[in-house]
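Here is a short briefing on one protein chain. Keep the sequence and the 3D view side by side as you read.

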Amino acid sequence: CYSPGTELTIFRTSWSHDAIFVNFLGSGRSHTALTHAHQDSGHFSLFAHGDYLAIDTGRYNGGADQHSVMLVDGEEDSSVIRTGWGTDFKAGRIADFQRHAMLDYARADSAAQRQCIWADRHLLFVRLGGDDGYVVTIDNVNKDNSKHRFVWQMHAHPECKIQLAGERSASVHGPHARLDITFAIPAPGHFANETHTLELRTDEKWWSWPYGRNQDTSHLEKNIRSTSVHRPRLSGILTGLNGLMACVMSPRRNGQDALTVRTGGGNGVIRIDVQAGQISDTILVAMDHGYINIPGYRGLTELALIRRANDGVITCWTSNGAPVTFS
């Protein structure tokens with residue numbers, strides 16, 4: 001569902017305790033709730049298979065670095081303790097919301113909060129059947145037509161552990177479930193004379209106000225529903241002319257096999273292939289120019305998901321409803 005004004009979207013596979021649940025914020029500044037002024041446009045929280053994995057960090061955590069959003073030349077260093085509430089009265093919004101038999105989709109416009117020419121975060125909530133599925137974020141950020149550091153962040157539950165699994169993959173481990181994460185960035189040549197680079201880091205992020213590392217926090221509530229005093233954080237640091245990055249987040253029960261995720265692309269298109277049993281999904285990202293022209297696929301759209309199943313049925317979704325031809 002989508003709640004206009006509050007600019008909140010909610011996705012779930014079912015009402016079961018085993019469900020995958022995601023909320024995704026546009027960061028509305030409602031006329032009846034003006035005091036909630038967090039820098040949280042584009043933030044997502046994710047609960048899956050009994051575990052709270054990607055969290056909302058709670059009361060007082062108002063700054064962008066305290067949310068699972070993209071930082072633009074922001075301070076992601078955990079040793080820095082911010083002061084004050086970190087309020088920001090610039091609003092964001094949900095600029096697009098779609099429902100489809102295969103997935104749900106939303107786009108958050110965060111340009112005002114990020115102080116950029118544009119700063120869009122697209123989110124795909126992709127269903128695989130039952131309480132299985134995966135989530136894709138696609139960030140497209142242009143600060144000022146020049147090179148910057150763009151930092152993708154995810155704040156995890158304090159009881160979770162984050163493991164880096166390679167140059168572009170990581171996982172978040174909870175008591176009952178885990179979140180497998182794979183990043184995809186523009187290939188060399190996607191931007192003229194500029195190659196994008198990605199570095200993954202994990203650290204521990206602390207509550208920003210009014211306490212810090214050297215404060216006595218023993219009297220604070222430890223319940224995550226109140227405030228997360230400190231929690232592990234995964235950062236993907238992208239350097240380049242544009243903050244263009246896709247991230248596949250696959251919740252899996254502990255002991256359940258991982259989905260197979262492969263990344264690639266070319267000719268200005270990011271390609272991601274996800275294999276889930278007998279289902280094969282291909283995600284194509286052609287931000288800004290909206291022209292898909294790679295071997296086997298052609299269409300005039302920014303985003304497409306093509307699904308092939310073992311029964312031969314092929315389903316296609318595009319962000320603008322345009323057709324994609326494929327072989």
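Predicted model: local features only at pLDDT ≥ 70, side-chain atom pairs only at ≥ 80, totals over all residues.

**The whole chain**
- The protein chain has 25 strands and 1 helix.
- It is made of 327 residues, and 54% of them count as buried.
- Take the contacts with a separation of 6 or more: 63% of them link residues 24 or more positions apart.

- Strand 7 runs antiparallel to strand 8 (residues 103-109), and 6 bridges join them.
- Ile 94 has Ala 108 of strand 8 as its bridge partner.

- Strand 1 (residues 2-3) and strand 2 run antiparallel and are joined by 2 bridges.
- Ser 3 has Leu 8 of strand 2 as its bridge partner.
- The hairpin of strand 1 and strand 2 has 4 residues between the strands, and Gly 5 there takes a positive phi near 90°.
- Strand 2 also pairs with strand 3 (residues 20-25), in the antiparallel sense, over 5 bridges.
- Arg 12 has Phe 21 of strand 3 as its bridge partner.

**The two faces of strand 2**
- Which residues of strand 2 (residues 8-12) form its covered face? They are Thr 9 and Phe 11.
- Leu 8, Ile 10 and Arg 12 make up the uncovered face of strand 2.

Conventions:
Residues numbered from 1 in each chain as written. Heavy atoms only, no water. Buried < 20%, exposed > 50% of the residue type's maximum accessible area, 1.4 Å probe, protein only. Contact = heavy atoms within 4.5 Å. Pairing = 2+ DSSP bridges.
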